[in-house]
Amino acid sequence: MSAIKVRFAPSPTGYMHIGNTRTAIFNWLLARKNGGHFMLRIDDTDKERSKPEYEKAIRESLEWLGLNWDSEAKQSKRFERYEEVTKKLIEDGRIYPCYETAEELDMMRKKLMTKGLPPIYDRSALKLSAEQIEIYEKEGRKPHYRFKLNDGDIVWQDMIRGECKYEAKNLSDPVIIRADGSYLYHLPSVIDDSDFGITHIVRGEDHVTNTAAQIQMFEAIGGKVPTFAHLPLLTGQEGKLSKRLGSIGVLDLKERGIEPMAISSYLAKLGTSEGILPFYDLQSLAMTLDFHKIGRAQPKFSEEELAHFSTHLVRNMPFAAIKDRVDLEEKFWETIKGNLDIVSDCQQWVDICCKEVKPVIENADLCKKAADLLPQEPWNDDTFAQWTSEIKAQTGTKGKELFHPLRLAITAKDAGPELKTLLPLIGYERVYKRLNGIVA
RNA sequence: GGUCCCAUCGUCUAAUGGUUAGGACAUCACCCUUUCACGGUGGUAAUAUGGGUUCGAAUCCCGUUGGGAUCACCA
């Protein structure tokens with residue numbers, strides 16, 4: 001069996017969001033699990049809506065997530081190839097010109113719908129006489145082109161949905177070239193997948209009927225039909241969350257401090273029979289990929305749950321997974337990680353240990369007494385317990401009454417890592433001063 | 001409306017026709033920590049609905065209801 005080659009083919013008409021990202025992740029995972037090839041293809045056939053800034057943002061998003069690609073292509077640079085194929089398909093009678101305007105087509109669809117009929121194109125363009133075509137041309141009408149679907153069943157084995165079957169008569173002949181001569185998504189995508197030797201296409205369920213049409217296109221151009229996998233679409237509070245309605249941008253999540261591995265772990269496992277557990281590198285996540293474990297129902301995506309999961313991931317993150325991103329000692333990371341919501345919060349603990357802090361004095365007498373009893377360094381593991389026992393013995397305060405004022409004075413916060421481990425990181429001088437209400 | 005897909009705890013799901021319907025996340029309780037957080041241990045909680053097949057149905061069949069996709073000169 002030849003090596004697996006997959007592609008992620010975003011159109012640069014918007015930012016990368018959850019729906020997109022999920023597709024990218026599954027493709028990447030499939031490639032990496034099998035030592036295959038992951039290609040980035042920019043589907044920029046829509047000149048109106050494609051923007052360089054979106055393309056840039058998509059690349060940035062992929063890089064941030066760690067979804068590296070082995071090669072790339074851009075559809076806007078391949079028009080010559082598309083024309084070559086199109087010419088041949090016109091000769092073969094698989095592509096035919098149509099002269100209806102967008103308004104006329106819209107009207108026809110509405111008419112059929114109100115009659116309770118499926119809004120399928122009636123192929124009237126195929127019945128046009130030469131004279132009629134001439135009249136249209138003289139009117140200045142420019143044709144758009146459709147791909148003619150052959151009658152019969154279209155069947156494929158889907159890695160997620162099992163056997164899929166569509167009758168061609170239930171599908172409209174897809175428009176593949178606009179009246180202005182530009183290409184629509186369908187055919188270029190098939191030509192590219194064929195030319196680049198894509199073996200597996202993993203995409204959202206919104207593409208299933210496209211797949212039916214595209215299988216005939218693969219056959220028409222003499223290409224090998226790839227293996228398909230259609231992921232159930234994610235839903236959210238606001239209903240659907242397809243790539244066009246996607247509201248949650250990856251870069252926004254980054255901005256909020258959501259961990260990239262939280263996004264990957266969450267999206268790769270949501271809707272599968274496996275638990276959503278933190279993974280700290282993509283390769284080990286890839287090794288767990290199993291299409292049989294993906295359900296067919298539409299899972300609900302919750303941004304809140306993702307944020308929660310990300311926090312969980314941070315609090316359990318091994319030092320090895322973070323050491324290249326922060327300038328911290330392992331001991332320090334292990335001490336504070338259980339109190340972080342997002343990684344960048346660790347700076348505030350660095351500051352508390354190494355910079356001036358304005359203490360919050362809740363009980364001045366107690367803190368003063370505690371300062372007086374604070375033993376000189378060096379401190380060992382028992383120092384903290386001995387010190388607090390002594391304070392308790394001399395003042396009679398204990399439990400929350402004792403620890404809350406100490407914590408507030410020393411860290412200016414009412415929650416945080418164990419004081420026992422935090423104290424040595426701050427040091428005698430700062431602790432002593434802060435207990436006395438002095439900024440230190 | 002046509003075509004296609006889906007329906008089990010709050011959420012994601014497991015259960016070759018026979019299970020006390022299991023797990024994970026969330027939640028709650030308790031424990032640990034002489035505070036908070038982290039962590040640990042337990043508990044609550046589900047087969048949409050009506051028929052049928054069967055000794056026996058979450059599971060198979062039909063209907064109903066509900067959800068989603070698609071039917072673009074978007075991708």
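This is a predicted model: local features need pLDDT of at least 70, side-chain atom pairs count only at pLDDT 80 or more; totals for chains, interfaces and linings use all residues.
Helices here are DSSP runs of H or I with at least four residues, numbered from the N terminus.

Now to the geometry. The axes of α17 and α18 (residues 419-426) come within 12 Å and cross at roughly 30°; axes are lines fitted to C-alpha atoms over the stretch in contact, with angles from 0 to 180 degrees between N-to-C directions. That makes α17 roughly parallel to α18 (angles under 35 degrees count as roughly parallel, over 145 as roughly antiparallel, 65 to 115 as roughly perpendicular and the rest as oblique). The crossing is left-handed, meaning that the near helix is turned anticlockwise from the far one by less than a right angle; clockwise is right-handed.

With α19 (residues 428-435), α17 (residues 399-411) has axes that come within 8 Å and cross at roughly 115°. The two are therefore roughly perpendicular, and their crossing is right-handed. Leu406, Ala409 and Ile410 of α17 meet Val431, Arg434 and Leu435 of α19, a contact with 5 nonpolar, no polar and 1 charged residues.

Residues are numbered from 1 along each chain as its sequence is written, and chains are lettered from A and ligands numbered from 1 in the order written. Local features need pLDDT of at least 70, side-chain atom pairs count only at pLDDT 80 or more, totals for chains, interfaces and linings use all residues, and side-chain values use heavy atoms, leaving out hydrogens and water.

Technical notes: Contact means heavy atoms within 4.5 Å. Ala, Val, Leu, Ile, Met, Phe, Trp, Tyr, Cys and Pro count as nonpolar, Asp, Glu, Lys and Arg as charged, and the others, Gly among them, as polar.
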